[in-house]
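Dear colleague,

I am handing over the structure below, and I would be glad if you kept it open while you read the notes that follow it.

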Amino acid sequence: MVNLLRRLAYWFRQRRADRELVEEIETHRVLRQKEIEKSGLSPADAEQASRRAMGNVLLARENARSAWISSWLDQLWQDIRYGIRQLRSHPGFTCIAVATLAIGIGANTAVFTIVNGVLLESLPYKHPEQLVMMFERLPGWPEKFGFSPPDFELIRRESRSFSGMAAYRTASYELAGIAQPQRLSGVRVSSELFSVIGVEPFIGRPITSDEDRQQAHVVEISYGLWSREFGRDSSIIGRTIQLDREPYVIIGVMPRSFDFPSRGPKINGDPADVFLPISFSQEDREAWGMRYNNTVVARLGPGVTLDQARAEIASLVKPLIQHYPAMISGFITGLAIPVIPFDEEVVGTSRRMLLMLTAAVAMVLLIGCADVANLILTRSSSRQREMAIRSSLGAGPTRIFRQLLTEGLTLAAAGGALALLLAYGSKRLLLAFAGQTLPRAESISLNYRVAGFTALISLLTPLIFAVLPAFRAARFSDGDALKQSTRNSTPGQGRSRLLGIFLVAQVALALILSIGAGLLVRSFTRLMSTEPGFRPEQVIHIAITLPSGSYATGQAIKSFYREAVETMQRIPGVSTAGAGTDLPLSVRDRRTFTGEGTTRQIPASSRTIATTWASAGYLETLGIPIKRGRSLTDADTQSSPPVVIINEAVAQMLWPGTDPVGHRMKWGIDASETPWMTIIGVAGDVKQSTLDVPTIPQAYVPAFQEGDAAFTGFNRTVHVVVRSSRDADSLIPELRTSIRQMDPELPVKAQTLTDVIGASLQPQRFSMSIVMLFAVIALGLSAIGIYGVLSNIVSQQTQEIGVRIALGATAGSVIWIVLRRALKFMTIGLGIGIIGAYGLTRLMAGLLYEVSPTDAVAFLGAAVALTLLAVAASLVPAWRAARIDPLTALKLE
């Protein structure tokens with residue numbers, strides 16, 4: 001340790017130590033000279049004798065330095081200082097190289113910042129690797145769904161693999177009593193949730209089991225809501241707030257980092273501001289086969305593996321099914337309960353998208369490295385004599401190799417520092433562009449791991465762009481290099497081959513990246529041209545949830561919505577208005593059904609249907625066509641016979657080739673006792689989820705034909721839709737005012753349906769745009785590389801071209817010579833790139849919509865675009881070659 005400290009001390013005061021060493025040696029020499037003078041020699045002879053007696057002073061100084069500090073560290077510091085001087089003396093080369101590396105490293109840093117936050121950072125819970133999520137799934141159903149209350153109670157009671165298990169489901173609540181009423185995201189949680197995930201309130205206490213069981217009006221609030229609306233008032237515990245116009249007592253504030261539920265899971269995956277007891281009622285606990293809207297989170301017990309837990313849960317499915325009513329037990333056969341690691345469920349499909357972006361940005365860095373390598377090779381021709389002189393003075397190939405590699409490291413370090421600044425500046429922009437696409441956005445930040453990644457990548461990139469040029473320079477740095485005055489000597493040819501290799505690699509990588517971007521563009525174009533089944537233009541929807549505190553009865557809720565639709569219809573410029581329980585692209589309700597009079601044998605597990613409760617005018621406002629029969633009218637009330645409208649998918653499933661109007665259907669499977677509904681019309685198919693998900697059977701049921709009890713449950717939230725010829729910016733404020741005249745405290749959210757479609761396409765738009773950006777950068781870097789390499793080759797062949805022109809070669813033939821060389825590199829690069837893309841783009845299959853990973857248009861388009869770019873980049877050096885003066889070229893010889 002003492003030795004290390006001494007060496008460090010020398011590192012910081014080496015100039016002073018060197019000066020003191022020189023002075024000390026000179027003092028000894030002078031003393032020796034005086035001793036010699038006493039023997040009778042003259043001062044001059046005594047000085048020479050003393051110098052001879054002292055030996056090699058320079059060697060003594062070097063030996064002293066070696067004792068103070070390791071020679072390799074001293075030489076490394078010398079190399080760094082020399083490298084910095086070299087880079088400062090060539091600012092053009094340095095700026096281009098550093099900027100290229102900064103773009104490549106910065107893009108990788110920005111993407112890694114996202115990958116680190118989403119995939120690598122641990123969830124902010126206690127031992128998150130022990131947490132799992134559970135859902136239910138039926139064979140043939142496209143998606144998993146939540147637990148019903150009795151299923152959750154049974155699994156929690158019978159399982160032994162978990163140390164804790166909790167349930168939760170999201171909801172929204174109206175917060176009143178503040179400056180402006182607002183609708184909050186909330187979540188109903190069982191009392192065990194906070195202990196299962198291992199999080200305690202920041203202040204206050206958690207929900208108790210008694211409060212959960214007694215349906216107490218208590219609430220935990222998020223740190224964000226506490227800061228935003230209550231100014232971080234530390235005395236807020238015990239204060240009463242109004243949620244849905246009912247009093248709730250605040251018992252705790254959750255920590256700043258607590259963002260739950262994590263955004264990502266399709267079921268119950270939106271962060272909440274308020275946390276209330278889930279409070280299953282006795283009716284909930286007996287609702288077998290209904291209310292599948294609760295997500296289950298559990299913690300594995302000590303020593304229990306995920307496979308063991310899955311095996312135990314699978315063994316509990318059969319006893320679970322035995323509790324179901326007979327009329328649906330056949331339908332529920334095949335029920336499965338997936339047990340999924342918590343972090344895996346949160347990340348979801350984002351993992352594949354992020355891995356694709358990582359591969360794309362790595363290609364950008366490789367292309368940038370090839371550019372810098374070409375720059376170093378080009379510059380090495382002017383430094384060849386310098387290296388040869390250093391070699392003749394005693395520097396070996398290893399010493400020269402190390403010097404050039406140190407210069408590469410210096411370039412990469414400067415590029416890495418600039419890259420960190422670029423990543424910091426682009427992070428917020430990137431997150432804003434991603435919108436709701438990325439889960440765990442709150443975890444994305446520039447931290448020590450990101451800085452370490454940037455440092456690591458800055459150390460590794462010189463191995464790509466500096467090693468081969470340094471090795472080549474060291475190899476040809478001996479005395480023979482001084483004799484190589486001609487430009488066509490062996491080292492020049494070797495340098496050209498190396499330039500060609502880097503150029504071919506650039507072209508191949510740029511082609512792979514361009515093909516990937518082309519596939520995403522074609523996929524997105526197909527998605528945009530997909531017919532949604534409705535006409536979103538000029539349609540505005542208003543989401544309204546009536547608070548239970550003021551609208552306790554179904555009759556009051558029905559009256560409000562009926563009046564709201566009538567009010568909307570009276571607004572000038574509104575052509576039609578209606579109301580429904582959901583909108584296209586967000587239909588969540590699924591029911592089982594039975595059709596009457598069909599000869600087709602449909603398995604019970606396939607008889608599920610998306611269901612929407614709608615008023616008269618709902619289908620017309622959305623532009624959903626009625627293919628047969630009639631639409632819903634105001635005459636479809638509780639006093640009229642039950643009716644239903646089906647979509648074409650149902651008609652094709654049950655009554656292919658015949659008119660289904662007049663047939664009947666009912667909810668439930670076969671023996672269900674629910675009333676039959678007469679089919680009065682067939683509507684066109686509408687996308688119920690995202691545009692890339694196939695349409696499933698759907699039914700539209702008259703909303704006001706339902707009993708009052710239905711409106712105090714699932715129909716408390718309704719979307720009022722309005723079609724108008726007016727501009728949305730002028731109409732939306734008027735719509736809000738009309739609703740608030742009916743209820744001044746009601747929060748109103750209005751949005752155009754065009755914006756809804758745009759939001760549904762956000763994930764595809766984000767991945768396509770980022771890959772396209774990388775592809776454009778790659779093409780730009782490749783163009784620079786092509787231009788640089790050809791310019792260097794033209795410069796090397798100035799004499800040859802001059803001779804050709806002197807012998808009668810035309811400008812066109814000279815241009816063709818240069819272009820032919822570029823096309824040779826391009827052909828090789830395109831061939832390698834196509835082979836690589838054929839293998840790699842198959843990994844993108846899950847991200848594409850109606851486009852093959854080997855789509856010929858994307859492959860051909862990218863190849864043509866890159867070829868045209870290469871020709872354009874080649875024309876400048878080709879034109880310069882054609883203008884070479886033969887006399888000037890020959891004089892160079």
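The structure holds 5 cavities of 30 Å³ or more. Please keep in mind throughout that this is a predicted model.

The second largest cavity has a volume of about 60 Å³, and among the 11 residues that line it, those closest to its centre are A579, A703, F704, F711 and V718. Sorted by class, the lining of this second largest cavity consists of 7 nonpolar and 4 polar residues, with no charged ones. If you wonder how such spaces are found, rolling a probe the size of a water molecule over the atoms shows where empty space is left.

The crossing in which α15 passes α18 is right-handed. On the α15 side you will find L365, L366, C369, V372, A373 and I376, and these meet I457, T461, I464 and F465 of α18. The residues of this contact divide into 9 nonpolar and 1 polar, and no charged residue takes part.

Helix α15 also packs with α28, the helix of residues 762–796, and here the axes are 9 Å apart with an angle of about 15°. Because angles under 35 degrees count as roughly parallel, that description applies to α15 and α28. The crossing of α15 and α28 is left-handed, whereas that of α15 and α18 is right-handed. By class, the contact of α15 with α28 has 17 nonpolar, 7 polar and 1 charged residues.

From α27, the residues G758, A759 and S760 make the contact, and from α28 they are Q762, P763, Q764 and R765. In the contact of α27 with α28, these residues divide into 2 nonpolar, 4 polar and 1 charged.

Finally, two details of the backbone deserve a careful look when you go through the loops. F260 and P261 are joined by a cis peptide bond, with omega at about -10°, and P261 is placed in the loop between β7 (246–253) and β8 (274–277). The other detail is H127, which has a positive phi of about 40° although it is not a glycine; you can find H127 in the loop between α6 (91–120) and β1 (131–134).

Technical notes
Residues numbered from 1 in each chain as written. Predicted model: local features only at pLDDT ≥ 70, side-chain atom pairs only at ≥ 80, totals over all residues. Heavy atoms only, no water. Left-handed = near helix turned anticlockwise from the far one by under 90°. Helix = DSSP H or I, 4+ residues; strand = E, 2+ residues; numbered from the N terminus. Contact = heavy atoms within 4.5 Å. Nonpolar A, V, L, I, M, F, W, Y, C, P; charged D, E, K, R; others polar. 1 Å grid on protein atoms, 1.4 Å probe; cavity = no way out; pocket = protein on both sides within 12 Å on 5 of 7 lines; lining within 4 Å. Points joined across faces, edges and corners; volume = space filled by probe spheres on them. Axes fitted to C-alpha atoms, helices over the stretch in contact; angles between N-to-C directions. Parallel < 35°, antiparallel > 145°, perpendicular 65-115°, else oblique.
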